[in-house]
Amino acid sequence: MLSEEVLIQVYRETLRPLYAFVSRRVGGDRGLAEDLVQETWMRALTAWPTRVPDDPAAWLTQVARNTLISHFRRQRPELIDPALVEVEDERFSPVAPDSAVIVGWGLAQLRPAHADLLEAFYFDGQTVREIAAARAMSERAVEGRLRRARGKLKKVLTRMVRRE
Amino acid sequence: MREQSNQHEPTPEFAERLESRIASEVRRRNRQARAPRWAAWSPAQALAAVVVIGLGSAGVGGAAVAGAYEAQNSQARDQLVSAWERRADLARQRLEMAVRAYESAQTRFAVGLGASDAVLEKGIAVADAQAEVDLIALDLAEIRASGREPRPELSAPRVSGRDFVGERLQIQRSMPERALEVVRKVEKDVQIRVAIGTSKPVELEVSASRVLDAEVALETVQEKIRIRERFLAGLLDAVEADLRGLEAEAAQRIKTLGPKVELARQEVGRLEQRRQLGLSASVDVAEATVHRLELETELSKAELDLVVIRKRIQEHRR
């Protein structure tokens, strides 16, 4: 049986980073972030019938990522305003709920390699230097990949604008 | 790192609410896990235990707290039940309309005014509407047993020993089974009509594509039933069971979209030839091309999804 005390301890330790992870990806939309965090925890309870995994924070983050992808694949943004998503502009940052939802939806359509890089840059607030250090790459290589990933994201979003 | 805003902090109300929900969920699951021991007791032992627990609770005033908690749960359950009952009413109305349309098609066919295809199609609509009514009835039973919304995912737990997910899949299986029976009959009719020259060969391909759709839909539900069985047997964990379900759906989309893309390509070629002969307008060719491009995009997306899901499965297994 799962110990309630252990689980609540894990919950208290992981809630803030997990919530921040989800909230940044939905542009701070509280209702949506709370729903997705709750869904993540309900999945955790189902997947942990007798014991908590060794690295629960990593587990929860991965499930939250999958939950976000599933959410964005189910929920197509109703309207894309191209002005909100100037992703090729290096100063662009999806801090507002509208642009975060659009970028989140676009990332769910991209290859994981591109999506992971853009996620780190847009939502985890990592600089090019930090991304390069975490992936053992040169800053120049990261810049190139970021540029290509932004181009792919732009294409996905442009296609969707055309389909509106 | 760039500056983080406190808009990404959970509110204390949400943190408390979720903590309380997690705690009660764990207690509920642990109670369920303990339940089999009770089953092994004799009726006298069980009765004695119930009396002891009842007296103990009354003694510490716990009964009042439990009553308030129960009332709150019961209110949430009633709201859900009422919402699903409205859905059930709508589904029953749709079923009645489908039955009337089927009877009308039968009458028209009997007096020589309608085609046999139409009767078969309306028959599928009746079967689908009936399945919808059955699925909602199952949802209602799950809500009444669990007090929460129905959980359709392959990794959802049994509720009071009942496998609602498995039962739902059995109903879903009946839909493509019935559709397959009908589209095969239609395909045979089309073959005859094409052979005697009253239908175009392209209709044969359209009807073959519908047979394939139904076959693949049936395979997918059967695959989901197998995944569910493996999950319940403990051979798959929850994450892998859900990923395997998504894998089956992505594979289904690929199998059904392939022939549709091919048909759309042929249609563009056919319209282009007609346009050159002055028998079709450019706008028809453009529309067919857009349709083909949309299908190709959907196919690429499904292929990509499949790769991503399989990668996730591999990562999860590591």
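Predicted model: local features only at pLDDT ≥ 70, side-chain atom pairs only at ≥ 80, totals over all residues.
**View 1. Chain A is built from helices.** Chain A has 7 helices and 0 strands. Read along the sequence, the pattern is α-α-α-α-α-α-α. Of the 164 residues in chain A, 38% are buried. Among contacts in chain A between residues at least 6 apart, 68% join residues at least 24 apart.

**View 2. Chain B is also shown by its helices.** Chain B contains 8 helices and 0 strands. From the N terminus on, its elements run α-α-α-α-α-α-α-α. Buried residues account for 23% of the 318 residues in chain B. For contacts in chain B with a separation of 6 or more, 71% come from residues 24 or more positions apart.

**View 3. Helices α3 and α4 of chain A cross.** Helix α3 of chain A covers residues 56-74, and helix α4 of chain A covers residues 97-109. Their axes come within 9 Å and cross at roughly 100°. An angle of 65 to 115 degrees counts as roughly perpendicular, and α3(A) and α4(A) are therefore roughly perpendicular to each other. On the α3(A) side, the contact is made by Leu68(A), Ile69(A), Phe72(A) and Arg73(A). On the α4(A) side, Gly104(A), Trp105(A) and Ala108(A) take part. By class, the residues of this contact are 5 nonpolar, 1 polar and 1 charged.

**View 4. Gly106(A) is a buried glycine.** Gly106(A) is found in helix α4 of chain A. Gly106(A) counts as buried because it has 26 C-beta neighbours inside 10 Å, and the cut-off for buried is 20 or more. Gly106(A) touches Leu153(A), Val156(A) and Leu157(A), leaving aside residues up to four places away in sequence. Lys152(A) is 46 residues from Gly106(A) along the chain. The C-alpha atoms of Gly106(A) and Lys152(A) are separated by 9.2 Å.

**View 5. The largest nonpolar core involves both chains.** This core has 44 residues. Val22(A), Ala64(A) and Leu118(A) have the most contacts inside it. In chain A, the elements giving two or more residues to the core are α1 (4-25), α2 (30-47), α3, α4, α5 (112-122) and α7 (139-163). At least three residues come from each of domain 1 (4-74) and domain 2 (82-163) of chain A. In soluble globular proteins, nonpolar side chains tend to be buried together.

**View 6. Ala64(A) and its contacts.** Ala64(A) touches Leu18(A), Phe21(A), Val22(A), Leu36(A) and Thr40(A). Residues up to four places away in sequence are not counted here. A second, separate core has 26 residues. Among them are Leu120(B), Met175(B), Ala179(B) and Ala248(B).

**View 7. Chain B meets chain A.** The contact takes 28 residues from chain B and 25 residues from chain A. On the chain B side, α1 (12-39), α7 (238-276) and α8 (282-317) each supply at least two residues. The largest share of that side, 12 residues, comes from α1(B). The residues on the chain B side divide into 14 nonpolar, 5 polar and 9 charged.

View 8. Glu39(A) is found in helix α2 of chain A. With 17 C-beta neighbours inside 10 Å, Glu39(A) counts as partly exposed. Glu39(A) and Thr67(A) are 28 residues apart in sequence. From C-alpha to C-alpha, Glu39(A) and Thr67(A) are 7.7 Å apart in space.

**View 9. Two loop residues have positive phi.** Ala136(A) lies in the loop between α6 (128-134) and α7 of chain A. Phi of Ala136(A) is near 55°, a positive value in a residue other than glycine. Ala136(A) counts as exposed because it has 6 C-beta neighbours inside 10 Å, and the cut-off for exposed is 12 or fewer. In chain B, Ser160(B) is found in the loop between α4 (116-146) and α5 (164-195). Ser160(B) is not a glycine, yet has a positive phi of about 50°. Ser160(B) is exposed, with 12 other C-beta atoms within 10 Å.

How values were computed:
Residues numbered from 1 in each chain as written. Chains lettered and ligands numbered in written order. Axes fitted to C-alpha atoms, helices over the stretch in contact; angles between N-to-C directions. Helix = DSSP H or I, 4+ residues; strand = E, 2+ residues; numbered from the N terminus. Parallel < 35°, antiparallel > 145°, perpendicular 65-115°, else oblique. Contact = placed C-beta atoms within 7 Å. Nonpolar A, V, L, I, M, F, W, Y, C, P; charged D, E, K, R; others polar. Core = buried A, V, L, I, M, F, W, Y, C linked by C-beta atoms within 7 Å. Domains from an automatic or database assignment.
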